[in-house]
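Keep the 3D view open as you read.

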Amino acid sequence: MSSMIDLDKVRNIGISAHIDSGKTTLSERILFYTGRIHAIHEVRGKDGVGAKMDSMDLEREKGITIQSAATYCQWKDIQINLIDTPGHVDFTIEVERALRVLDGAILVLCGVAGVQSQSITVDRQMRRYSVPRLAFINKLDRAGANPVRVTEQLREKLKLNAHMVQLPIGLEEKHIGVVDLVEMKAYINTGNDGEVIEVKDIPANMLEDAKKARASLVGAAADFDETVAEKFLMEEEVSPEELRNAVRKGTIALQLVPVFMGSAYKNKGVQPLLDGVTHFLPTPKDVKNEALDQDKNEEKLELKSDPKLPLVMLAFKLEDGRFGQLTYMRIYQGTVTKGDMIFNMANGKKVKVPRLVRMHSDEMQDIETSSAGDIVAMFGVDCASGDTFTDGKVNYTMTSMHVPDAVISLAIAPKEKTSSANFSKGLNKFTKEDPTFRVHRDEESSETIISGMGELHLEVYVERMKREFNCEVITGRPQVAFRETITQKADFVTVHKKQTGGSGQYAKIAGYMEPLPIELGQNYEFLNKVTGGSIPREFIPACDKGFQEQLKKGLLIGFPIVGVRMCVNDGGYHDVDSSEMAFRICAMAAIRENYASAKPVVLEPIMKVEVSGPEEFQGTIMGQINQRRGMIQGSTANEGYSTVESEVPLTEMFGYSTDLRSATQGKGEFTMEFARYAPVPRNVQDEMVKKYQEKRAAEHK
Ligand SMILES: Nc1nc2c(ncn2[C@@H]2O[C@H](COP(=O)(O)OP(=O)(O)OP(=O)(O)O)[C@@H](O)[C@H]2O)c(=O)[nH]1
Ligand SMILES: [Mg+2]
């Protein structure tokens, strides 16, 4: 391909929707009708091959998409770069980064279930990145399918200005094709795989409905085009060309959503949808893309899809593969050719582009060069997801995508010591590829903790660790980071004495311990009020050290003691037997022996939890929060959608995503973040202390 891409003939689109609505099945048909693949294979198909875009074994086994896959194809004279995304909320980052770089999208809906919870989430993501979209109402072959009702839901639930540009010819088992309201023609799919489109007159019994529906579409399109508006008022005939033009304008302005329909599985309505993509979705030139000029205090500027301007591109997805890191790039401006030097704006590093490819799911085709408006992948360009690259002539960065916080974590360790190298390699790869998958080491428990978007998310990585890195792992329930603190002042006089035979040990310290305000983050303070040399000056630091050492491990449940001021104001020593070590040991004993009189308590992390979902579940959501020792802090309702704010102890949040999902038919969502530490209730504390003491007793037997 030459570097001169005719941008009017390019569409970069994504397919996003609620889980299982048929995105991958639709992608498979698109690839087949555009000649990219030569046979159709089904998701969960009996032939055991699996759909092209679900190339991972795990995807094929589970029958769900986990990673988004990119491909390209040509429909008539239009080049389409296509990304199929997963529907499950745990893999939402894949939708996020696809929508970040795509110019348009197809929102797929099930013709029976209509607008579902993930349709709402995906719609929100499309709004976040201002992505113009078409709706495709799929599964019209299923019992109960009703595209009119689903279009109503698009209008009511998503507040989209959705208008049917087609009518179904037959529903359920009678579904054979669609009426095109722009051309006023019937398109009927025939042939073994629906590859033949028979263009016919509209069936006589549908003609009246079709005329009415077209008039309604013309009325909607009139808002975006003067010619159509005038003709609409004068009740004159609007030509297909004029109508298409107006619908296109409304769609690109994000004010109109044309509704297509069919059955991907039964090979109906896919080719007319592809025509819709070419007619109504924007070219790279139709979309406004902004960068921040680092030389001008991050001033915003508009990038131009011009191959002659300085290069600007965004790395939006990484995969660590057989040939090294594969980096997916959206080129916004300029031209890139194999062998070019490019600059990573995130770290100033200069790298050579060793290999440039176009992706076709898990296959690739080498190319020499590419330019603005295109989506390509590169090998050997090490970077993080979201990095901006330029040719060094400009100092621009592109704003990155939204990365949601992790909500669940799990302790993980390799089953066999021998696979620990692979274990680290795996974790490295996963965290690099997926910004919502995080790994850290818990200093207290010395466990490796992985965290992510949900139980399925973590489960997938545990499974991939086994399959791709040959490393079986053991997982545990994640440990919550508890703390201990004291609630009142306690005086002490402590003597450490060991004077039998040989050289002896002697130290005496007197003073007090008292609480510090933990909410101000004051964990420890040491106060020296010794006068008159009752403790020689050289032994004072040993007291401080001894205190700190003991505070690392509390006496209630073995977690660190925070929020304590330790003061020494008197003491005693022995000319020969006193030493640093003696004072250190004495200081530790001072805490141990007097901790109980300072009335210690166990502290737990409290999370700020925000749960949202359809209003009818508000009562259920509040009930679940109360059951988990949560405190409701407020709630709001908006357009049938309610949000409940609360504070809940982290310990009580395990398993919540599952419980919430099942209590709200999968429609509830939540976010949580750390708020503060607070004492656990007395009975909970007593139980924890008892368990800890039993564990210690068992260990010391
Ligand atoms: N009856 C019927 N079933 C369909 C249709 N399209 C897809 N399916 C079935 O619905 C199931 C899910 O299809 P997929 O294509 O995997 O759905 P998806 O949206 O890619 O799913 P995720 O990527 O996991 O979110 C499969 O069993 C498909 O065979 C359709 O038009 N009619
Ligand atoms: Mg899929």
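First, some sorting: Ala, Val, Leu, Ile, Met, Phe, Trp, Tyr, Cys and Pro count as nonpolar, Asp, Glu, Lys and Arg as charged, and the others, Gly among them, as polar. By that scheme, the lining of the largest cavity has six nonpolar, two polar and seven charged residues. A quick note on the source: this is a predicted model, where local features need pLDDT of at least 70 and side-chain atom pairs count only at pLDDT 80 or more, while totals for chains, interfaces and linings use all residues. Residues are numbered from 1 along each chain as its sequence is written, chains are lettered from A and ligands numbered from 1 in the order in which they are written, and side-chain values use heavy atoms, without hydrogens or water.

So what is a cavity? On a 1 Å grid over the protein atoms alone, a cavity is a set of points where a 1.4 Å probe fits but cannot get out, and lining residues have an atom within 4 Å of a point. Grid points are joined across faces, edges and corners, and a volume is the space filled by probe spheres set on the points. The structure has six cavities of 30 Å³ or more, and the largest one holds about 130 Å³ of space. Of its 15 lining residues, I66, Q67, E94, D434 and Y461 are the closest to the centre. Helix α11 gives the most to this lining, four residues (helices are DSSP runs of H or I, at least four residues, and strands runs of E, at least two, numbered from the N terminus).

The second largest cavity comes in at about 90 Å³. Its lining includes Y72, L82, R358 and I375, and divides into nine nonpolar, two polar and one charged residue.

Now for the cores. A nonpolar core is a set of buried Ala, Val, Leu, Ile, Met, Phe, Trp, Tyr and Cys residues joined through side-chain atoms within 4.5 Å; buried means under 20% relative accessible area, exposed over 50%, partly exposed in between (1.4 Å probe, protein chains only). The largest core has 79 residues, and L26, I80, I106 and L154 have the most contacts inside it. Helix α6 (residues 207-221) gives the most to this core, with six residues.

Finally, which protein donors hold the magnesium ion (ligand 2)? They are T24 (OG1) and T65 (OG1), 1.9 to 2.0 Å from the ion; donors are N, O and S atoms within 2.8 Å of the metal (3.2 Å for Na, K and Ca), and water is not among the atoms, so sites may look incomplete. T24 sits in helix α1 and T65 in the loop between α2 and β2, so the pair ties together parts that are 41 residues apart in sequence. T24 is buried at 6% relative accessible area, and T65 is buried too, at 7%.

Note on methods. 1 Å grid on protein atoms, 1.4 Å probe; cavity = no way out; pocket = protein on both sides within 12 Å on 5 of 7 lines; lining within 4 Å.
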